[in-house]
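Here is a short briefing on salt bridges, helix packing and pockets. Please keep the sequence and the model open while reading.

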Amino acid sequence: MSARALRVAGALVTLAFAVPSPAQVPPDGRWSTIRTAHFHVHFAEGLEEPARRAAAYAETAYSRLAAELAPPRGPIDLVIADNVDLANGFATPFPSNRITIYTYAPLASPSLRFYEDWLELVVTHELTHVFHTDLVRGWWRGAQYVLGRAPFLFPTGYAPSWITEGLATYYESKLTGAGRVHGSYHRMLVRAAALSDDFPDIGDWSRATTRYPTGDIAYGFGSLFLAYLVETRGEHALRDFVERTAGAPLPFM
């Protein structure tokens with residue numbers, strides 16, 4: 001039998017014994033949508049209750065963030081899912097403003113244990129990403145008018161992770177009264193680094209760092225630095241900073 005025939009036979013055997021993964025979204029599942037003033041909230045069968053709560057939290061967070069930062073353009077798609085045992089969410093401005101939230105509570109993450117309602121915290125955090133990354137000023141806005149929402153035409157998307165995650169973590173706490181800035185875990189990490197004279201350089205604040213505690217550095221050091229910026233420069237400091245970076249001709253500068 002030729003090598004090609006062996007590959008085909010192997011693929012057929014694999015397909016014959018394939019079983020659906022319980023962690024995947026069922027492709028034949030029934031989905032519904034709740035439409036609010038600023039969101040299209042999509043949810044699978046059985047998730048209407050958390051979807052309605054998320055919709056209410058999203059609108060509340062939107063109105064509060066709009067008093068802090070320039071609002072994003074157009075409606076935002078918000079997907080509520082529970083197909084993974086993972087406390088997380090993610091947001092993207094491309095090809096449109098979209099957020100996905102997993103309803104699984106953060107049972108295994110010590111940094112995420114200070115909250116009233118997980119959905120409120122994570123929705124506020126991810127919505128901050130949308131407010132931040134959707135903002136374009138200067139020549140970037142003209143380029144998007146011509147080329148559309150190309151992923152390389154979002155200047156704030158070039159910011160280091162300690163800025164993007166630090167900003168979202170700062171506002172998750174400011175707007176909910178809980179979250180990681182008000183919690184003790186990140187302050188413990190920063191204080192321990194200072195007391196041991198092992199404070200990481202700002203270049204080590206990336207989510208990709210190999211330093212302990214790895215990804216938590218971007219969230220913890222970034223958000224506490226931005227909180228310090230507000231304390232020492234005033235409430236307007238973050239908005240001014242975001243506006244300037246959204247129009248910087250060279251984002252890496």
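How many nonpolar, polar and charged residues does the lining of the largest pocket have? By class, that lining has 13 nonpolar, 9 polar and 6 charged residues. Ala, Val, Leu, Ile, Met, Phe, Trp, Tyr, Cys and Pro count here as nonpolar, Asp, Glu, Lys and Arg as charged, and the others, Gly among them, as polar.

This is a predicted model, in which local features need pLDDT of at least 70 and side-chain atom pairs count only at pLDDT 80 or more, while totals for chains, interfaces and linings use all residues. Residues are numbered from 1 along each chain as its sequence is written, and side-chain values use heavy atoms, with hydrogens and water left out.

**Pockets**

- A pocket is defined on a 1 Å grid over the protein atoms alone, as an open set of points where a 1.4 Å probe fits, with protein on both sides within 12 Å along at least five of seven lines. Lining residues have an atom within 4 Å of a point.
- Grid points are joined across faces, edges and corners, and a volume is the space filled by probe spheres set on the points.
- The largest pocket has a volume of about 620 Å³. Its lining comprises 28 residues, and Asn88, Gly89, Glu126, Glu165 and Tyr219 are the closest to the centre.
- β4 (89-92), α3 (118-134) and α5 each supply at least two residues of this lining. The most come from α3, with 7 residues.
- Helices (H or I, at least four residues) and strands (E, at least two) are DSSP runs, numbered from the N terminus.
- The second largest pocket holds about 420 Å³ of space. Of its 17 lining residues, Ile163, Phe241, Thr245, Pro251 and Met253 lie nearest the centre.
- α9 gives the most to the lining of the second largest pocket, with 5 residues. That lining divides into 13 nonpolar, 2 polar and 2 charged residues.

**Salt bridges**

- The count is 11 salt bridges, each a side-chain nitrogen of Lys or Arg within 4 Å of a carboxyl oxygen of Asp or Glu.
- Arg52 and Glu48 form one, at 2.9 Å from N to O. They are 4 residues apart in helix α2 (residues 48-66), so about one helical turn separates them.
- Arg52 is partly exposed at 47% relative accessibility, and Glu48 is partly exposed at 38%. Buried means under 20% relative accessible area, exposed over 50%, and partly exposed in between (1.4 Å probe, protein chains only).
- Lys174 pairs with Glu235 at 2.6 Å, N to O. Lys174 lies in helix α5 (residues 161-176) and Glu235 in the loop between α8 (216-233) and α9 (236-246), so the bridge ties together parts 61 residues apart in sequence. Lys174 is partly exposed, at 31%.
- Asp198 bridges to Arg211, with the closest N and O atoms 3.4 Å apart. Both residues lie in the loop between α7 (185-195) and α8, so the pair ties together parts 13 residues apart in sequence.
- Asp198 is partly exposed at 42%, as is Arg211 at 24%.

**Helix packing**

- α8 and α9 pack at about 115°, with their axes 7 Å apart. Axes are lines fitted to C-alpha atoms, for helices over the stretch in contact, and angles run from 0 to 180 degrees between N-to-C directions.
- Leu226, Leu229, Val230 and Arg233 of α8 meet His236, Ala237 and Leu238 of α9. Contact means heavy atoms within 4.5 Å.
- By class, this contact has 5 nonpolar, 1 polar and 1 charged residues.
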